[in-house]
Amino acid sequence: MRIGSKRIMLGVAGLAAVSLIGAALAATGTKSPRSPISSNQLNPKTARPDVILPASGIGGFALPAQAAAQVKPQMAEEVFKNIQVLKGIPVDDFMGTMGVMSAALGYCCSECHTGAGTDTVKWEADTQNKVTARKMVTMVTTINRDNFAGRQVVTCWTCHRGRDVPVVTPTLDTVYGNANLDPYDVFTASPGSPSPDTILDKYIQAVGGAQRLASITSYAAKGTSIVFAGFGGSDQVEIYAKAPDQRATYIHFSDPALGNSTRVFDGTAGWIATPLTVLGRYALSGGELDGAKLDAQIAFPAQLKTLLTRWRVGAPATIEDRDVDVVQGAGPRGLIATFYFDRQSGLLVRMVRYSNSPIGRVPTQVDYADYRDVGGIKMPFKWTFSWLDGRDAFELSDVQLNVPIDAAKFAQPPPPSAPAK
């Protein structure tokens, strides 16, 4: 009953917040449901459950160099009140941190913030859960600093796993049953696996070939979007992309009172604007900025092999009974992305990217399906965007290649029409 009720609350919060992970200490709902991955994805002898982070700041977290080189990002303590422990991190990374806490404990915002979900909420007010959470953040930081040279080996998820009170004693059914192992975020190359180039080249050939892909300079798509749990009904969506790294997604909610939800990356800067949220609109400046750039870049597969470094192939896995090859690469400032390719067709079926936060990695997952031919290029007409605050399911109805796109589509969006309350 406890977990189920929080999933329903996440459906509501996912619409209200879209990618805003709360506004103080434990924002919206539980972790997003995901397709099962078999335990054979893991090779305990070669997997690396470590996080490479500088041993500085809270949890070894440091401000990305890219953000510092641009306009000074807004820090969490400059936007939110009563920030005591999680200081010195950009707003978007702060929100991701809230998502990690929320998923780890199975909490929604009201369990740490009295009045959350109402017009009388006071995000800055201290509650016992908030006080405890600060102690836990300090404790985990100390454990990692004193025992693992500042690497993020221990996080909230390590002990809680979706429960507010960690399990202390193993059940015998678990001990003698089949192992249900979550994949490590970071892994080393699996012995005997094909090379990364072999798998990536197969994918490029499967979607149209390098020469044809290189001819694609832009595309515009239309369709529908259903947010997590179907809350709000079916909404109209527009997607614009321009090579090599510009992308914009506009969700027009069916309820006129909600207005639009917008994600934009113009090649350098990014923004999110969403109604009924604490901030309404904010610029990306931390790990989410690197993630938005990668999302825009992989929209043009011809450049995939050059986007990341340290490519490696992990142990084979299965997703929904399909065998997949697993390839992982590293990006700037701790960004990690794992790609799952259908072994038979070579097509990309899932991408999971991770950005850093002071208390653990923040995952974002995109699932792709229903590939169709568009001008000789195979493009997914169904894809699902999942993050720690919800899930959007997109179903495209029309895709046009190499069309002119107004630069204004990638510009900073206006504030949402429905202000935060």
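View 1. Lys305 is partly exposed, with a relative accessible area of 28% (buried means under 20%, exposed over 50%, partly exposed in between; 1.4 Å probe, protein chains only). The model is predicted: local features need pLDDT of at least 70, side-chain atom pairs count only at pLDDT 80 or more, and totals for chains, interfaces and linings use all residues. Residues are numbered from 1 along each chain as its sequence is written, and side-chain values use heavy atoms, with hydrogens and water left out. Lys305 and Asp197 form a salt bridge (3.6 Å, N to O), defined as a side-chain nitrogen of Lys or Arg within 4 Å of a carboxyl oxygen of Asp or Glu. Asp197 belongs to helix H8 (residues 196-206) and Lys305 to helix H11 (residues 304-307), 108 residues apart; helices (H or I, at least four residues) and strands (E, at least two) are DSSP runs, numbered from the N terminus. A salt-bridge network links Asp197, Asp201 and Lys305.

**View 2. Salt bridge between Asp325 and Arg343.** The N to O distance of this pair is 2.9 Å. Asp325 is in strand S11 and Arg343 in the loop between S12 and S13, so the bridge ties together parts 18 residues apart in sequence. Asp325 counts as buried at 12% relative accessibility, while Arg343 is partly exposed at 34%.

**View 3. Strands S13, S14 and S15.** Antiparallel strands S13 (residues 348-355) and S14 (residues 362-374) are joined by six bridges; pairing requires at least two DSSP bridges between strands. Nine bridges join S14 to antiparallel S15 (residues 377-387). Asp367 in S14 stands opposite Arg350 and opposite Thr384 in S15.
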